[in-house]
Amino acid sequence: MNTYIEKIRNLTRVLSRCWQQRTPVSCIAILVASVPSGLSWAGVEDRHVPTADQWRFNVSVGDRTLGTHSFSKLPTDSGGYEINSRADFEARVLFVKAFEYRHRSNEQYQHGCLQALESRTVTGGDRFQVAAEPAGPAQLRVTAIAGSDSGDAAQLLSGCLMSFAYWDKRILEQEALLNSQTGELVPVQIQPGEVALYNGVEAQAYDLVSAGTAAEPMTIRIWYAQSTGRWVGLESELENGRTLRYELALPDLASAGYGPTLYPMQSGTAQ
């Protein structure tokens, strides 16, 4: 038992640094790759019926379910839209909670450009907050608070910005994306991939290669339905050869319209 606890403590220290340097997907990958044997995940697959403009993904590595990550897209009065995101992962040792990852975010877009963002993340006992607000024409002031640090770091960013907005294919035209968990603007490169069946749907793959501060480049493969262009999945190869996968909650995607329902969230807030 003491060995397990020490491994979890070491893992938490590694992840605390990771959240400040990488994308959330890459940190989840490190978490799964580093988890000791005997550690179980409390994630439960969801089988909800899908509706338009909502996505709910079961997240797994190999045959191990981590939890769910869900997204809800809502129109705004200004003609744009907002997107609410919720991720929940949990690990246990001998039925005792050893690690959890909770992420909530709200993003607002107009003409495909990020207008405002609010996110809160809790992982391994650490808390992270990011807020972005207009600071002038085509400018955002991004403020981040990491861990237990009471201070904050603000930066002024210009241009038509996007987060890692996998639901919007316009990210394939971007050279940098805003990490909603850390507030970092991450340089990216996009490479078209294969057309193949992904979880039963004929889909086009695109490889997004990202590298945050002091981090090794990581490739995230995003899948879009060939017939509709809708986001249907995500995967990333881990160092140990296993694959982190996002799969829509309903098994029969072809008959489901490619978009499942999710946990309800309050509009305009990151809980």
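Modeller: Of the 271 residues in the protein chain, 51% are buried. The model is a predicted one. The chain has 2 helices and 15 strands, and it exposes about 12400 Å², of which carbon and sulfur atoms supply 49%.

Biologist: How many aromatic pairs are there?

Modeller: Rings pair if their centres lie within 6.5 Å. By this rule the count comes to 13 aromatic pairs.

Biologist: Why is the pair of Phe57 and Tyr246 called tilted?

Modeller: The ring centres of Phe57 and Tyr246 are 5.7 Å apart and their planes stand at 50°. Planes under 30 degrees apart count as stacked and those over 60 as edge-to-face, with the rest being tilted; the angle of 50° therefore makes this pair tilted. The pair also links distant parts of the chain, with Phe57 in strand β2 (residues 54–61) and Tyr246 in strand β15 (residues 243–248), 189 residues apart.

Biologist: What makes Phe57 count as buried?

Modeller: Buried means under 20% relative accessible area. Phe57 has 0% relative accessibility, so Phe57 counts as buried. Tyr246, at 3%, counts as buried because of that value.

Biologist: Why is the pair of Tyr198 and Trp223 called stacked?

Modeller: Planes under 30 degrees apart count as stacked. The planes of Tyr198 and Trp223 are at 20°, with the ring centres 5.1 Å apart, so the pair is stacked. Tyr198 lies in strand β11 (residues 185–198) and Trp223 in strand β13 (residues 218–225), 25 residues apart. Both Tyr198 and Trp223 are buried.

Biologist: Which residues do ring pairs link into a cluster?

Modeller: The cluster holds Trp55, Phe57, Phe71, Tyr81, Tyr109, Phe164, Tyr166, Trp167, Trp231 and Tyr246. One of these, Tyr81, has Lys73 over its face, at 4.4 Å from the ring centre. Elsewhere, the charged end of Lys169 sits over the ring of Tyr224, 5.3 Å from its centre.

Biologist: How do you know whether Ser236 is buried or exposed?

Modeller: The cut-off for buried is under 20%. Ser236 has 2% relative accessibility and therefore counts as buried. Ser236 is found in strand β14 (residues 231–237).

Biologist: What is Ser236 in contact with, leaving aside its neighbours within four places in sequence?

Modeller: With those neighbours left aside, Ser236 is in contact with Met218, Thr219, Ile220, Arg242, Thr243 and Leu244. A polar atom of the Ser236 side chain lies 2.9 Å from the backbone oxygen of Thr219.

Definitions and conventions. Residues are numbered from 1 along each chain as its sequence is written. This is a predicted model: local features need pLDDT of at least 70, side-chain atom pairs count only at pLDDT 80 or more; totals for chains, interfaces and linings use all residues. Side-chain values use heavy atoms; hydrogens and water are left out. Rings of Phe, Tyr and Trp (its six-membered ring) pair if their centres lie within 6.5 Å; planes under 30 degrees apart count as stacked, over 60 as edge-to-face and the rest as tilted. Helices (H or I, at least four residues) and strands (E, at least two) are DSSP runs, numbered from the N terminus. Buried means under 20% relative accessible area, exposed over 50%, partly exposed in between (1.4 Å probe, protein chains only). A charge sits over a ring if NZ of Lys or CZ of Arg is within 6 Å of the ring centre and within 35 degrees of the ring normal. Accessible areas come from the Shrake-Rupley method with a 1.4 Å probe; for residues, only the protein chains shown count as cover. A polar contact is a pair of N or O atoms within 3.5 Å; within protein, one must be able to donate a hydrogen and the other to accept it, and residues adjacent in sequence count only if both atoms are side-chain atoms. Contact means heavy atoms within 4.5 Å.
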